[in-house]
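Me: I am new to this structure and would like to go through it step by step. Please take my questions one at a time.

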Amino acid sequence: MLPSFSIVRPTSLDEALSQLAAGDARIHGGGTDLLGCLHDGVFATPKVVSLARVQELRGISRTADGGLRIGALTTISELIANGDVAERYRALHQAAQVVASPQLRNQGTVAGNLCQKPRCWYYRGEFHCLRKGGEKCFAYEGENQYHCIFGGDLCYIVHPSDTAPALAALGAVCRVSGPSSTRSVAVDALHVGPSENPQRETVLEPDEILTEIVLPPAAAGTRSSYRKVRARASWNFALAGVAMALRFDGSMVTGARVFLSGAAPVPWRATGVEQAIVGRALDAATIAAAAEAAIAGAEPLSKNGYKLPLFQGIITDELEKIAARSA
Ligand SMILES: Cc1cc2nc3c(=O)[nH]c(=O)nc-3n(C[C@H](O)[C@H](O)[C@H](O)COP(=O)(O)OP(=O)(O)OC[C@H]3O[C@@H](n4cnc5c(N)ncnc54)[C@H](O)[C@@H]3O)c2cc1C
C-alpha cells in the first residue's frame, strides 16, 4: 500500500526549490520509479514535490551553438518523437526506444530516468541491505545473475538507466539548480559509485533539481548507437548494453566515447574499447581487440559470468554495424 504523504505542485522552479529547501521531501517527475519505491517501502517521505506544473522544465529546443536543450520533464516518448534526437543523436534515440514499456515511456521523464533508484531485488525487497543503511550487500553471495561485473565494491548493483550511457557517450551535460546557485554536471560525472558512497546514486543534493540536459552539437563524422540485450524482448532492464559515439575521418576512428549499461553501479566507461579503436580503421583485428578489451578487469560474481561473452558479442556486433554505416 502507498503510505500517506503530502504532495505539493509548484508552478515555477523557484517555488519548487523553496519547497525542497524546507527539507525532508522527494522530487516527483513522472513518478514511475518514485511511487514504486514509496509503495514498496524502499524509503519513505512525508512530502512529495511534483514538478509536473513547472512549465520551464519542459520542451526540447536547439541551443545557439547548434546543440540540443532537453527540459528535465521531457518524457521518454517525447525524446523518441523529436526529429533532432532521431537524426542527430541516434544513440539517445535508440536508447529511449528500449526504455520500459510504451505506457512508462509516456509518463517517465528524462531526468527521472537519469536519477532512478537501482533495480536490485534485495534493495527493492525486504532486505535491509547496505544501500538502505544495513551492513551488507546480499547479492554478493546471493542471487547475483543481474548484478555488476565492474565497479562493485561493497554493493553490486547495476545502474538501471538506458538513456544515461547514451547521454554520457554523446557528451551531454546536466544543468542543476539549488537553493542559491546553479551548476553544470556532465552526465558521465552525475552518478556515484559504491566505493564513494553506497547509499547515494547521484551527486545531486536533496534540495537540488536537475532542470535540463544539454547535448553538444553533433560533430561532423560522428556515428553513434545504443544496443541493449535483455532477458525478454518486451520491457526489461539491460542485462548488457553499449552506447558508442565514434568520430570518423574516412574509415579511421579519430575519437570515441563508449559506455556500458548492465555492467556496473554507474554507466561504465569502457576506456579499453576506446583505446583499442582510436587511430584505427574498424577492421576485424581491431574489432576483436576492442571486444577483448571490453572485459579486461571484469570481476564477475558467482552467477553472472555469462555477461562477459555477452558484452564481447554486442561490442563486436555494434562496431561491425557502425563501420558499415555512412553516418
Ligand atoms: C516496470 C518498469 C520497467 C522499467 N524499465 C526501464 C528500462 O528498461 N530502462 C530504463 O532506463 N528505465 C526503466 N524504468 C525506470 C523508470 O520508470 C523510467 O526510467 C522513467 O524514465 C523514470 O522517470 P520518472 O519521471 O517517472 O521518474 P520519477 O519516478 O519521477 O523519479 C525517479 C527518481 O528521480 C528523481 N527525480 C525525478 N526528476 C528529478 C529532477 N528533475 N531532478 C532531480 N531528481 C529528480 C526522483 O526524486 C526519484 O528519486 C522502468 C520502470 C518500471 C516501473
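Me: What percentage of the 327 residues in the chain is made up of buried residues?
Reply: This is a predicted model, in which local features need pLDDT of at least 70 and side-chain atom pairs count only at pLDDT 80 or more, while totals for chains, interfaces and linings use all residues. Residues are numbered from 1 along each chain as its sequence is written, and side-chain values use heavy atoms, with hydrogens and water left out. Buried means under 20% relative accessible area, exposed over 50%, and partly exposed in between, with a 1.4 Å probe and protein chains only. By that rule, the buried share of the 327 residues is 50%.

Me: How many helices and strands are there in the chain, and why is it called as compact as a globular protein of that length?
Reply: Helices (H or I, at least four residues) and strands (E, at least two) are DSSP runs numbered from the N terminus, and the chain has 12 helices and 12 strands. The globule rule, 2.2 Å times the number of residues to the power 0.38, is compared with a radius of gyration taken over C-alpha atoms. For 327 residues the rule gives 20 Å, and the chain is as compact as a globular protein of that length because its own radius of gyration is close to this, at 19 Å.

Me: Which residues come nearest to the ligand?
Reply: A residue is near a molecule if one of its heavy atoms lies within 4 Å of it. The shell around the ligand divides into 17 nonpolar, 12 polar and four charged residues; here Ala, Val, Leu, Ile, Met, Phe, Trp, Tyr, Cys and Pro count as nonpolar, Asp, Glu, Lys and Arg as charged, and the others, Gly among them, as polar. Of the 33 residues around the ligand, those that come nearest are Ile 27, Gly 30, Thr 32, Leu 34 and Asn 113.

Me: Which element gives the largest share of the shell around the ligand?
Reply: Two or more residues of this shell come from each of strand S2 (25–28), helix H7 (110–115) and strand S8 (209–215). The largest share, four residues, comes from H7.

Me: Is Gly 31 buried or exposed?
Reply: Gly 31 is found in the loop between S2 and helix H2 (34–39). Gly 31 and Gly 112 are 81 residues apart in sequence, with 7.9 Å between their C-alpha atoms. With a relative accessible area of 10%, Gly 31 is buried.

Me: With which side chain does the side chain of Glu 212 make a polar contact?
Reply: Glu 212 is found in strand S8. A polar contact is a pair of N or O atoms within 3.5 Å; within protein, one must be able to donate a hydrogen and the other to accept it, and residues adjacent in sequence count only if both atoms are side-chain atoms. At 2.8 Å, the partner of the Glu 212 side chain is the side chain of Arg 69.
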